Amino acid sequence: MPEFRRYLVNIDSISTHQLFADCLVIGAGIAGLRAAIEAAERCNVIIVCKDTLENSNTWKAQGGIASVLDKADTFELHIADTINTGCGMSDEGVVSFVVRQGPELIEQLLSWGTEFDLIDGRIATTLEGGHSLPRIAHAHGDETGRIIAEALIRKVRQNSNIRIIENFYSIDLLTNDGNECVGIIGYDKHRPHGADQIIWAANTILATGGAGQLYRETTNPEVATGDGIAMAYRAGAILQDMEFMQFHPTTLYIAGASRP
Ligand SMILES: Cc1cc2nc3c(=O)[nH]c(=O)nc-3n(C[C@H](O)[C@H](O)[C@H](O)COP(=O)(O)OP(=O)(O)OC[C@H]3O[C@@H](n4cnc5c(N)ncnc54)[C@H](O)[C@@H]3O)c2cc1C
């Protein structure tokens, strides 16, 4: 975790079209909410999202999270399953890093109020494709995403270092002469006449999710239009792995009906 730069300004004292934050998080899915909680241990945080907190891919996620939770299971086996399923294209360092952190982070979500389904007081696991052992933790059956999001949103709302701005449409990243990101320009639907708003930030975290809405058929919500990817590209960032797009498989085509 890097040390955050700080703005020596009380963000609550600013009432014009400009806000200041030590850390600005764009997006309020699992990535943005979790990043905001971590950053708020070190500095003040503003988190913005394009619609309400409840409108995200995270809210819609169903089956659960894979992790080594069973005594019969090992990190090595989970890593091997993941690399095997990745058909040789996985970054082994990333796979190992993510797999090894899984159990601890699931325990943390549990301690923050995520109601994972339990059996005999232990987290219940199911078997899903690509896994050689049951290791999928789930909550309220197939409502895992909503239950995790609700716990994270409660946690964020309790944190006085975090200010949440819903219905804030981030348009572009602002960069300085040194090509550093110094904030965003966006559009706050709550302001009279929907005026543009600048949020200056010493650190900006992009957590705007995917781009499923680019396709005619998708289970993604309407906020998933790849805005963060486009913003980063326009600001000069190098994009990677753009060819990988997940289509959630538990959907059915019925003409006229929504996909899920
Ligand atoms: C039907 C379905 C089932 C799934 N099931 C599972 C599962 O069982 N297990 C699993 O691991 N994964 C599952 N997934 C995938 C999982 O939901 C996503 O990978 C994950 O939620 C992505 O989280 P995120 O925080 O990156 O993005 P999101 O949750 O999509 O959050 C993106 C956030 O960015 C905000 N945003 C976007 N653009 C802007 C903008 N211009 N300005 C301001 N804010 C913006 C949005 O408002 C939103 O708050 C499923 C997905 C779907 C659709």
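Reader: Which residue in S7 is the bridge partner of Ala-66?

Author: That's Ile-136. Before we go on: this is a predicted model, where local features need pLDDT of at least 70, side-chain atom pairs count only at pLDDT 80 or more, and totals for chains, interfaces and linings use all residues. Residues are numbered from 1 along each chain as its sequence is written, and side-chain values use heavy atoms, with hydrogens and water left out.

Reader: How do you know that S3 and strand S7 are joined?

Author: Two strands pair if DSSP finds at least two bridges between them. S3 and S7 (residues 136–137) have 2 bridges and run antiparallel, so they meet that rule. Strands here are DSSP E runs of at least two residues, while helices are H or I runs of at least four, numbered from the N terminus.

Reader: What makes S3 and S6 stand at the edges?

Author: The open sheet has 3 strands in the order S3-S7-S6, paired antiparallel. Strand S3 (65–66) and strand S6 (125–126) each have a single partner strand, so one side of each has no neighbour in the sheet.

Reader: In what sense do S1 and S2 pair, and over how many bridges?

Author: Strand S1 (residues 18–26) and S2 pair in the parallel sense over 4 bridges.

Reader: Why does His-78 count as buried?

Author: Buried means under 20% relative accessible area, exposed means over 50%, and partly exposed is in between, using a 1.4 Å probe and protein chains only. His-78 comes in at 6%, so buried it is. This histidine lies in helix H3 (residues 75–85). His-78 and Ala-66 are 12 residues apart in sequence and 8.8 Å apart in space, C-alpha to C-alpha.

Reader: What makes the contact between Glu-38 and Arg-34 a salt bridge?

Author: The rule asks for a side-chain nitrogen of Lys or Arg within 4 Å of a carboxyl oxygen of Asp or Glu. For Glu-38 and Arg-34 the N to O distance is 2.9 Å, so the pair qualifies. Being 4 residues apart in helix H1 (residues 30–39), the two are separated by about one helical turn. Glu-38 is at 22% relative accessibility, so partly exposed, and Arg-34, at 22%, is partly exposed as well.

Reader: How many salt bridges does the structure hold?

Author: It holds 9. One of them joins the side chains of Arg-100 and Glu-76 at 3.7 Å, N to O. That pair links distant parts of the chain, with Arg-100 in helix H4 and Glu-76 in helix H3, 24 residues apart. Arg-100 has a relative accessible area of 41%, so it's partly exposed. Another salt bridge has Glu-150 and Arg-146, with their closest N and O atoms 2.8 Å apart. Both lie in helix H5 (residues 144–157), 4 residues apart, about one turn of the helix. There's also a network, in which salt bridges that share partners join Asp-73, Asp-81 and Arg-135.

Reader: Which residues gather in the patch of negative charge on the surface?

Author: Asp-91, Glu-92, Asp-241 and Glu-243 do. Patch residues need over 30% relative accessible area and no salt bridge; like charges are joined within 9 Å, and nonpolar side chains (Val, Leu, Ile, Met, Phe, Trp, Tyr) within 5 Å. Glu-92, in helix H4 (residues 92–111), has 52% and so counts as exposed. Asp-241 has 43%, so it's partly exposed. Asp-241 lies in the segment after H6, and its phi is near 60°, a positive value in a residue other than glycine.

Reader: And which residues make the nonpolar surface patch?

Author: Leu-214, Tyr-215, Met-245 and Phe-247, covering about 400 Å². Met-245 sits in the segment after helix H6 (227–234). Its relative accessible area is 31%, so Met-245 is partly exposed.

Reader: Why does Asn-179 count as exposed?

Author: Its relative accessibility is 55%, so Asn-179 falls in the exposed class. The residue is in the loop between strand S9 (168–175) and strand S10 (181–188). Phi of Asn-179 is near 65°, again positive in a residue other than glycine.

Conventions: Accessible areas come from the Shrake-Rupley method with a 1.4 Å probe; for residues, only the protein chains shown count as cover. Lys and Arg count as positive and Asp and Glu as negative; His and the chain ends are not counted. The place of a charge is taken as NZ of Lys, CZ of Arg, CG of Asp or CD of Glu.
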